[in-house]
Every structure is written in structure tokens, then in C-alpha cells.
Amino acid sequence: MRTTAYVALNTYRETVRDKVLYNLLLFALLMISSSYVLGKISVYQEIKIIKDLGLASISIFGMVIAIFIGIGLVSKEIDKRTLYSVLTKPVSRTQFLVGKYLGLCLTLFVNVCVMTLGLYLVLLVMAEPLDPMLLVAIFLIYMKLTVLVAVAILFSTFTTSILAGLFTGFIYVAGYFSADLKNFHTIVDSGIVPILTKGLYYLLPNFRNFDVKSAVVAGLPIEATQVGWAVLYAILYIVLLLVASTWIFQRRNLK
Amino acid sequence: MLVVETVGLTKDYDYGHIKRSRRRALDHLDLSVEQGEIFGLIGPNGAGKTTTLKLLMGLVFPTSGSATILGLPVDDPEVKSQIGYLPEQPYFYDYLTGRELLHHFGELFGLSKPVRKQRAEALLEKVGMSEAADEPLRKYSKGMTQRIGIAQTLMNEPKLVFLDEPMSGLDPVGRREMTSLVRELQRSGVTVFFCSHILPDVEALCDRVAILNQGKLIESGRLSEILDVSIRSVSVVLEDVGESLERACTECAIDVHRVGARLEVSFAEGADFDRLLPAVIEGGARVVSVTPVKQRLEEHFVREVERAGES
Ligand SMILES: Nc1ncnc2c1ncn2[C@@H]1O[C@H](COP(=O)(O)OP(=O)(O)OP(=O)(O)O)[C@@H](O)[C@H]1O
Ligand SMILES: [Mg+2]
């Protein structure tokens, strides 16, 4: 436990040394504040646009950070062989992997907080009420990101950083359409296609479960049970992904 | 007690993604290392030395066979807190400074802060890195990285250390320091298992050696047993050697060299020189020196590896 926590903290420190992170964060903040300008141009819906753009920025930049830094964490250590000296200390491969995962979640948490502050700052400047429901949407975005980090970790246990990045990006996109797969058999209903799409539907994460952006922006109420289910879903998915990652990683020859 | 034991340890590496093929890197290796000794694993490039160490460290998994360290299976978590390992090319987080790296590994061993500090300072001093301790590793030369690598191996005061080519990248002074460090470790009861190419160092340090070639063990044992003491050649230096004497030398010696006015002659055995001695005196030549030559590990190694290659 102590070791895992130490690896996590160290991962956090490692990622905050990364210049890419600051560039991304800066870019995200620029985008959030540019919504201020956009809001000014469109006369009626300015607040809606600011909230929309702000939440979208948090989601997209969070995703980019999760993928770019997430895939590097494990595969970079394999490629650079810095792992040799770590895994020959009393650190199990499971502790290493889970520590890396938690460390990156911590990095993402700090980043999402900074972006959230940016968004609220823009709202403050606009002299708008600080809608607390935005926090619910952001919380669910964060939950989605933690699932995505677990996906990135899974891929980087068995493939190169570049492929892991591509695959994770693919899963991210697919995760938005996986709900459509459920009803795919109504369009193409022949042979193995329905079985395949059904299988994929259950396998792929469903990122729409975490998407309450439009409802929040429109000022619709969000039910506590919906949030609860989304959290439960995320935890279950993350545990499964981490178990699979550990299973693969423990069998991997570090050549 | 055996601190390291391998039984039939075998490793095949896979090659290629489409056309799969396998190559045997290590073939049924049986080794045993005893408590408190300095054990040297030697062999030409690609012999399987690093593979053996990686198998022992649990970085790669054996195709068949097994290994134990301190009587425990290599994947037992208890093992790692009692051993030190220096990888072949020490890759460390290069954004850390030397001192930070030692503290980092100290944390992984669960050492308290005062202990970490005290050990890190002592080790930095010991490997001669106190001055560069606050520079990041990415600015270190190869030898400096190697020195820090050796320091990190000892952070947990291990009972057993595995060193993969510890002398590589070290200057002559560094090599000598390394040699005395290994001796010092042995005096304090640490078992040392190392791979090296530098055979004179191995010969000077090791109690026992194992010679590996193309994944197979060709010989292992005490140095005194391996190096055939009965074969004692002599090297003789003569002066003012006439032509007929030189011809006679060429006939009964294994090697003849002319260096200026001197002739360096190597005889397989002392007796060969004894037989030639009357002719030397008669021919009016002068004997400058007679040196008995003990068989060196290097010659033995080259011969054994060549012989293994032929068969
Ligand atoms: N990661 C790897 N993937 C595939 N084959 C490997 C790998 N590492 C080593 N080998 C093969 O295993 C054999 C033994 O290699 P190993 O690195 O153990 O040799 P070595 O004795 O340490 O050599 P050197 O003295 O050059 O360090 C070689 O034939 C090598 O090609
Ligand atoms: Mg090697």
C-alpha cells in the first residue's frame, strides 16, 4: 500500500515536470477564456456558449492529457528500461501499475481543477451566477477520464506507445458510439454482424453514461441516481481494466 | 548454504511477428553460488550472461527450469529487499539528480528518512560522486552513471549483489576502486555474482567462475581447478643468438619473437628449455631472463570457447 502510494506520488511528480502538460493546460485555459469573446459576439446565448465551450474544453483537453501522458507512463519505462531498476526493488508489477494509474489520476484531477477554476473565473468576469451544477458535469467528465486512463494503461502493457495512443484514441471515439451498436442489428441483420456488434457494445466503455453536459447547460435537473450509476459503472470498468492490465503485465518478458 | 541455484534454466526468445522463430539464449543452465563467495560468470558476447541475470531478477521468465535466490523462488517478494542489482546499461530516471535517485530507491525499500540520508551520503562518498550528486543524471558521463548505478545497488545493504559488467565505462582508477569495493563487500559477508569481459579482473577477484558459450555452460569451478597448474610454460629472453640457435629454438618452442637484438622464446614446458640449454651456452648466447608463466584465465577462456565452437 505504502509502495503503491509512493509510486503514485512519484508518477504525479514526474508528470508535472512534463512541459507538454503545461502547454496543454495553457491551451485549454486560452480556449475557455476565448469563450468569453465568442459569448460577446452572439447576443442571446452567451452564457450557454461559455458553459458549452468550457465543459467541452475540459473534456477534450483532459482526454488529450490522459492519452498522451497515460501511454507514456508505462511504455516509456519499458522502452527506456528504467523499469529494470524499479522492478528489482521490492515493488511488485501490480503495485507499479496501480501506482502509475493512481498517479496519473491525481495529475488529471489537479488539471481538471485548474480548468474548472478557469471556467468559473470567466463566469465571474461576466458577472454570471456560478452554477454549481457545472461541477456535477465536470465530476462526470473526470470519471470518464479515469476510465480512459485505465484503457491507456491496458494498451501500454502490451504494445508500443504509438500504437497504445492510437488504440486508446480509437476506444475514446468508439466509446461515444458504443450505445449505437446496441441497435445496430436493426440496420444490418445478417450473419455474425449482430453478434459482433452486441459483443462490442458490452465490451466497449459507454462514455455517454458520463455525458450530462447538454442537460446541465440547458439547466435541466440531473438525478442523483444517474450520477451514482455512472460512478459505479466507472469503478467497475476501471477495476476490470486494471485486473486485465496486471494479468498481462505480470506475464510480460521485459526484454 | 547456496545463495543462488539454477536448475536446467532455459530461455528461448521469440523473433519476428509474422514468421515466428525462436532462438535459445540459455540452454539448461545449472549453477550454484555459495554464501560469501565472489562468483564470476564469463562468456563471449551473446553467450547468455545478461539473460541469466534477467531470469534471476524476474525481469524475463524461463522457458523451462527454475532458479532460487537465498533459498526462495526468484519471484518471492522477500528476495528483492535482500539483493542489489546493477543492470548491464544502467537506465535510470535521468531527470533526477544522483542524490535524488538514491533517495528514490531508498523509498522503494521503505527506508526511513534518516537512514536514507545517511546511506546515500556514505555511498556517494564511496563511489566518488559526492561532488556531482546534485546534477541530473542526464548530464552524467557513462562512467558517472555507472558509479551511481553501483551506489543504488547497495542502498538496502544487500546480502547478495548481482552486477552485470560492473567495470564497463569505468576509467582505470574506477576499475581499481570497483575491485576494492567488491573485495570490501566480500569481507563484510556479501555474496557477489557478476558478469564481466575483463578477464584479468575476474581472475583477480573471483573465487569461482562459470564459462558460458552460446547459452551453454562449458565449465565451472574454482579458479585453481579450472586453470591447469600442471601446464607451466616458461618464457625466456635470450641475447646474441646465432642463426643455428634460432633455428633450434623455433623447432622446440611454441613461440619465437625477435625484438631487436633479443629473442623472446616461449616453451610449453620448462623441460624443453632445459634440453636446449647446452646449445644456448655453446652458441655463445646469453640468457637475460627466465619467467615461468602460469596459465591465465584469458588463454584458457579463448581455448575453451574455440574448442566449444569446433565441436
Ligand atoms: N531482448 C532480446 N530479444 C531477443 N533476443 C535476445 C534479447 N536479449 C538477448 N537476446 C539473445 O540472447 C542471446 C544471449 O544474449 P545476452 O544478452 O544474454 O548475452 P551476453 O552474454 O550478456 O552478451 P554481452 O557480453 O554482449 O553482454 C543472444 O543471442 C541474443 O541475441
Ligand atoms: Mg550482457
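The model is predicted, with local features requiring pLDDT of at least 70 and side-chain atom pairs counting only at pLDDT 80 or more, whereas totals for chains, interfaces and linings use all residues. Residues are numbered from 1 along each chain as its sequence is written, chains are lettered from A and ligands numbered from 1 in the order in which they are written, and side-chain values use heavy atoms, with hydrogens and water left out.

On the side of chain B that touches chain A, the elements giving two or more residues are β1 (2-15) and α3 (98-108) of chain B; helices (H or I, at least four residues) and strands (E, at least two) are DSSP runs, numbered from the N terminus. The largest share of this side, five residues, comes from α3(B). The contact (heavy atoms within 4.5 Å) takes 27 residues from chain B and 26 residues from chain A.

About 2,500 Å² is buried between chain B and chain A, 58% of it on carbon and sulfur atoms; buried area is the accessible area (1.4 Å probe) that two parts lose on being put together, summed over both. Leu59(B), Tyr91(B) and Leu108(B) supply 26% of the area that chain B buries against chain A, more than any other three residues. One salt bridge is found across the interface, defined as a side-chain nitrogen of Lys or Arg within 4 Å of a carboxyl oxygen of Asp or Glu. Glu107(B) forms a salt bridge with Arg2(A), with the closest N and O atoms 3.8 Å apart.

Chain B also contains an open sheet of four strands in the order β12-β13-β11-β14, with antiparallel pairing; two strands pair if DSSP finds at least two bridges between them. Because β12 (255-259) and β14 (286-293) of chain B stand at the edges, each with a single partner strand, one side of each is left without a neighbour in the sheet. Strands β11 (residues 233-239) and β13 (residues 262-267) of chain B run antiparallel and are joined by six bridges. Within this pair, Ser235(B) stands opposite Ser266(B) in β13(B).
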